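Hi,

Here is the structure I promised to pass on.

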Amino acid sequence: MTNTKSKNKNKVIHQFINLTFFSAVVIMLASCKEKKETSNNNKPNIVFIMSDDHAFQAISAYGHGLNQTPNIDRIATEGAIFNRGFVTNSICAPSRAVMLTGKHSHINGKVDNVSPFNWDQDNFAKTLQKNGYQTAMIGKIHLDGLPQGFDYSNVLPGQGQYYAPEFIENGIKKTYPGYITKVTTDIALDWLENKREKDKPFLMLYHQKAPHRTWMPEEKYFTLMDDVTFDPPANFFDDYEGRPAAAAHEMGIYEHMDLVYDLKMLDKEGEIKTRYRGMFQKKYDRMTDEQKVAWDAYYDPIIADFKAKKLEGKELALWKYNRYMHDYLRTIQSVDDGVGEVLDYLKENGLEENTIVVYTSDQGFYLGEHGWFDKRFMYEESFRTPILVKYPKEIKPGTVVDELVQNLDFAPTFLDYAGVDIPEDIQGESFRKLVKGEASEWRDAIYYTYYEFPGEHHVKRHYGVRTNRYKLIHFYYDIDTWELYDLEKDPSEMQNVYNDENYADVKDRMHKHLKELRLKYKDSDSLNQQHLKRYLNFKQGKH
Ligand code: SGN
Ligand code: CA
């Protein structure tokens with residue numbers, strides 16, 4: 001697209017070569033100006049919305065019936081929903097690095113939350129910036145250092161805080177009063193309305209912290225779905241038979257969720273003593289007196305009721321699950337409101353037609369499947385991520401995409417839409433044609449890696465491959481186990497059929513796929529060893 005444009009420009013210039021110098025200059029200037037505006041008008045704006053830990057199960061467009069997200073759903077109704085959207089590494093900072101660079105973790109170097117990110121490498125925002133885009137990064141980034149590729153950045157340090165959040169605006173730290181999700185939305189709207197140059201195409205990354213742990217809702221949603229009792233997924237009481245890596249987890253709702261830190265049982269009497277009580281007290285203390293009054297009015301009666309009931313065993317597990325679901329889903333409601341505000345802004349300002357809007361999460365999340373919260377595993381609920389995209393100029397309303405797409409594909413897709421050449425070393429594929437139903441072929445397998453072990457939640461290092469029907473995973477380091485799943489027969493991944501004779505051929509085929517993908521994406525056991533060494537050094541403070 002860029003090349004064709006500059007060729008046309010040359011043609012225009014040649015046509016005028018015989019005119020008088022003065023009139024030629026006038027005409028050339030006019031033609032350049034017109035060209036600039038035309039090309040800018042042709043380039044779509046991009047609003048890339050991402051939230052943190054938002055499970056696809058908690059978006060009503062995906063049909064799980066847990067909650068209502070009418071604004072996020074609008075993106076699917078007016079555009080496309082992806083049923084097989086996946087990440088390449090189900091943890092925050094690595095996922096963001098993959099999304100920015102279009103390269104797997106072992107190539108962009110940000111393999112875990114611990115090691116630093118090298119901002120000096122290419123990212124798609126830098127490329128768009130060089131090609132006339134105005135760029136902004138707002139909200140959670142979780143990558144240390146001043147973001148590169150952005151004309152404006154206003155980002156959270158680290159994980160961010162739900163109440164009285166700190167932001168770093170173009171390198172300068174300040175604290176905003178209020179609730180994080182709303183503050184992030186206000187910053188985004190302010191940039192759209194007051195800070196950007198309105199004659200340039202724009203890229204805005206609008207990235208929410210919610211619904212990340214510790215799921216502290218906004219006051220207006222404290223009582224949302226109070227009358228709903230959630231039934232846990234069928235495999236809530238999983239025994240992990242045949243899956244030793246899964247059995248070694250530390251992310252059980254029953255066993256590992258902290259009554260105070262996660263479930264808000266901060267009793268004034270101080271009788272509920274838990275490991276992370278002090279850490280939650282600090283989060284509570286960030287609220288204003290007014291906010292605390294509202295908070296206590298909602299939570300104190302629940303605390304009293306909980307103490308009186310003295311729940312144990314299965315009853316306690318179900319109580320914890322419900323307490324978790326209520327707060328988790330409430331934080332999502334504020335995210336959905338923000339999406340609505342941004343969509344409305346685009347519509348009211350005549351930007352709707354020429355703006356691509358993407359909604360996604362940095363990974364999926366467990367809402368009780370296998371008894372868990374958190375993510376990290378290559379099992380479906382955390383490997384999958386919601387992807388919804390609208391672009392009225394090109395995407396038909398109600399489009400459904402069932403092919404295997406990964407967060408690796410965002411960078412090349414955005415460059416493709418912007419008419420910019422996609423660098424050779426990008427590992428993802430543009431899904432532009434796929435969404436239009438015009439892709440002649442598409443990948444039949446995707447690759448996954450996870451590195452953060454030993455670490456929080458105790459998920460072993462692993463890598464694997466998934467096709468439309470099967471999944472092969474290798475857990476390694478202090479364990480050496482393989483798992484194979486038939487996702488058609490066993491979508492909840494309860495039966496590891498790796499040693500089942502009936503799957504011998506499938507197993508061979510999947511090993512072949514895995515080998516091919518590791519070659520294609522330039523990954524290897526020796527690279528894994530290097531990452532491990534680096535990780536352990538960082539953990540011990542030696543680097
Ligand atoms: C924090 C959370 C973990 C979570 C990681 C990674 N603990 O450490 O539960 O797995 O983030 O999440 S918390 O006590 O700080 O909430 S990620 O999305 O940022 O990768
Ligand atoms: Ca996350």
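**What I found**

V420 counts as buried, with a relative accessibility of 9% (buried means under 20% relative accessible area, exposed over 50%, and partly exposed in between, with a 1.4 Å probe and protein chains only). You'll find V420 in the loop between helix 14 (410-417) and helix 15 (432-436); helices (H or I, at least four residues) and strands (E, at least two) are DSSP runs, numbered from the N terminus. V420 and T127 sit 293 residues apart in sequence, yet their C-alpha atoms are 8.1 Å apart in space.

Before you go further, a word on the ground rules. This is a predicted model, where local features need pLDDT of at least 70 and side-chain atom pairs count only at pLDDT 80 or more, while totals for chains, interfaces and linings use all residues. Residues are numbered from 1 along each chain as its sequence is written, chains are lettered from A and ligands numbered from 1 in the order in which they are written, and side-chain values use heavy atoms, leaving out hydrogens and water.

Now the two domains. The assignment for the protein chain gives domain 1 (45-215 + 324-539) and domain 2 (238-323), with bounds that come from an automatic or database domain assignment. Their C-alpha centres are 28 Å apart. Where they meet, 37 residues of domain 1 are in contact with 32 residues of domain 2 (contact means heavy atoms within 4.5 Å).

Between them, domain 1 and domain 2 bury about 2900 Å², 54% of it on carbon and sulfur atoms. That is the accessible area (1.4 Å probe) that two parts lose on being put together, summed over both. On the domain 1 side, Y163, T214 and Y324 lose the most area to domain 2, and together they make up 21% of what that side buries.

The count of salt bridges between the domains is three, each being a side-chain nitrogen of Lys or Arg within 4 Å of a carboxyl oxygen of Asp or Glu. R323 forms a salt bridge with D327, with 2.9 Å between the closest N and O atoms.

Finally, have a look at N45, which lies in strand 1 (residues 45-51). N45 counts as buried because its relative accessibility is 7%. Leaving aside neighbours within four places in sequence, N45 is in contact with several residues, including K200, L351 and I356.

Happy browsing!
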